[in-house]
Every structure is written in C-alpha cells, then in structure tokens.
Amino acid sequence: MSTQSLLIAGVGDIHGRFHRVEAWMEALETARGRPVDLVLAVGDVEAFRRADDQRRKMTKRLMPAEFAEYADGQRQMKRPLYFIGGNNEDFEALHDAPEGMELAPQVYYLGRAGLQTLRGLRVAYLSGIHAPRFFDQPLKRPRALDTAKQAGYFRAPEVERVMHARDVDLLLVHEWPRGIVQRARDENASSVRPLPSYWIGNPITRRLADTLRPKWMFCGHSHKGFAVSLGGESGRPVTRVACLDQAARPEEAVFWLEFENREPVRGGWGLSGAVAWQAGAPWNLQSLPSVGPPAASAEEELELG
C-alpha cells in the first residue's frame, strides 16, 4: 500500500501535557496547510487514567494528568497519537499489553518492542531505557514502586525482537544512542552551540541504529534538541537522528516530516512550518533551530529519573 503524501509529527516527552500537544498540532497544520496524519511520541507520556492516581508519585513531580479527560471521554484527540514507553509511565496499566493497545480513542500505545506499519510507514520501536543490571532479568508485574521502576528498562528479548526488523522508515526509542554527541563534536569542532555531555545515550540503541539503518530515528529522555547523521561511510545508508526536547516549548520538542511514497522529502522543527531539511541536504547541528535556552519554570524542572 502506498503512503502517497504524509505529514507526521514527532513529539518529545509529553509528561502529561496532552492539551498542549493538541494545540501544537493545530498550529502546525495551519502552518503547513495540511492535516497531521500521525503524531509519534518518544516516551514519558504519562497517560494516567485518573488525575488523582497515587502511582503518579513515581514521576517525582507535579505534572498535569490531562490524559484522564481523554480516558473518560470528555475530550478526544483529533489525530492519531502513537507512543512508546519511557521510564516514567503508568506501567501497571501497560503491563498486560506488551504488543500495544488503544488507551483512548486516537491514543495508542505501540508496545514494548516491535515493528508496525502505520499509514504505510514501517515504524520500529523500543520502549524504555538501558539498565545493565536488569537487561537479562525477566520483567516483573509492576505492583510496587521498585517493580514499577524496573518496568521502564528494556530487556534483551525485546531488543532482539527489534534487531531483526528490516526496511525501516522510522525508529522510535526513548534514550539516545551512545556516541552521537562525540560524532557531532568531531564534525562540528568550531560550533558555538553548547553540546550535551558525551556520556548521554546507551550502546543498545546505538547498535539498533547501526543494524537497522532506518531512514530516520526519533529519541527523547534527555530533554534536549539534537541533530546528527549516522552512516554514510562506503555507501552505507544514512540514518538521520532527531532528539526531541520535552514538551515545554515547541521549538525543539516537535519535529515534523513529510513523506512521499515512503520517501522523506522535507522536515522542520517547531510549529512555524519552516523547512529545516530536505532530501539530499545534510543533517547535523546546523539543522537545529537558533533558539536560546529557556528560563525553566518550577513545573518544567524535570528529573530524568
């Protein structure tokens, strides 16, 4: 099935701010003059079904629980939103749906790991972050704080499942792949833009990127916008990595792509509709928007946890 023309929007860690994401997508549609076909969230969505859910204390912050309105039918998403798990989620509700589920109309959990075809695009995904001590341990039902925390770590069988995916258009992970900051340093030695610490990321998601060689890869977790390309040596396919900020402001928390028959043709940051990349152009730190660091409010001083 041909995708024909698609506009997809990647969104960074939502942390319960569903109303904001809806407003952002409406603004993006106005700017691009077309509907957003898919919204893809890279984890830490915090889709708690009750605003007073005591399990939200696991998130260590007082963030809005706006998903409750969607779960209760008071509001409905106008466009489909698909998300992977991060390390701060309602893990008890998601535990029995490792293959994914619809949590509310137009809100879908993709599952812990796998490959799905969404509107003709082949989307591979891996939920959670890397915790070496738990990597080879079985996943326990999250009944208490400690087992809920370990539910946010991916396991070896899940990684192996994704590792066999091929012909991938887009790879969604929560935690950055290891080594991309150093690669950006090497390629942009004279860059005046502050770079994150080189230790950010993990080797498992890097191995996924190197093995699957997706056309694009979206990441979250570290609450920073980042752009780098992997591959390209000796004719090797290029993977363009877009790391998304948390959903506190849209400039680096939203990255959109337009596809024509499964081929990415252009993309941009934020809601202005301005094109930051088009097919054949480089993808690197120079592709990031020129915005200064925000003054974070108390609400937005989030722990990665």
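1. Let's start with strand β13, residues 263–269: 5 of its 7 residues are buried, so the strand is mostly covered. Buried here means under 20% relative accessible area, with exposed over 50% and partly exposed in between (1.4 Å probe, protein chains only). Strands are DSSP runs of E with at least two residues, helices are runs of H or I with at least four, and both are numbered from the N terminus.

2. A quick word on what you're looking at: this is a predicted model, where local features need pLDDT of at least 70, side-chain atom pairs count only at pLDDT 80 or more, and totals for chains, interfaces and linings use all residues. Residues are numbered from 1 along each chain as its sequence is written, and side-chain values use heavy atoms, leaving out hydrogens and water.

3. Now for the partners of β13. Strand β12 (residues 254–260) pairs with β13 in the antiparallel sense over 6 bridges; two strands pair if DSSP finds at least two bridges between them. Glu-258 has Arg-266 in β13 as its bridge partner. The β12–β13 hairpin has 2 residues between the strands, and Asn-261 there takes a positive phi near 50°.

4. β13 also pairs with strand β14 (residues 277–278), antiparallel again, over 2 bridges. Look for Gly-267, whose bridge partner in β14 is Trp-277.

5. Next, have a look at Arg-79, in the loop between α2 (67–71) and β3 (81–83). Arg-79 is buried, at 6% relative accessible area. Its side chain makes a polar contact (a pair of N or O atoms within 3.5 Å; within protein, one must be able to donate a hydrogen and the other to accept it, and residues adjacent in sequence count only if both atoms are side-chain atoms) with the side chain of Glu-29, at 3.0 Å.
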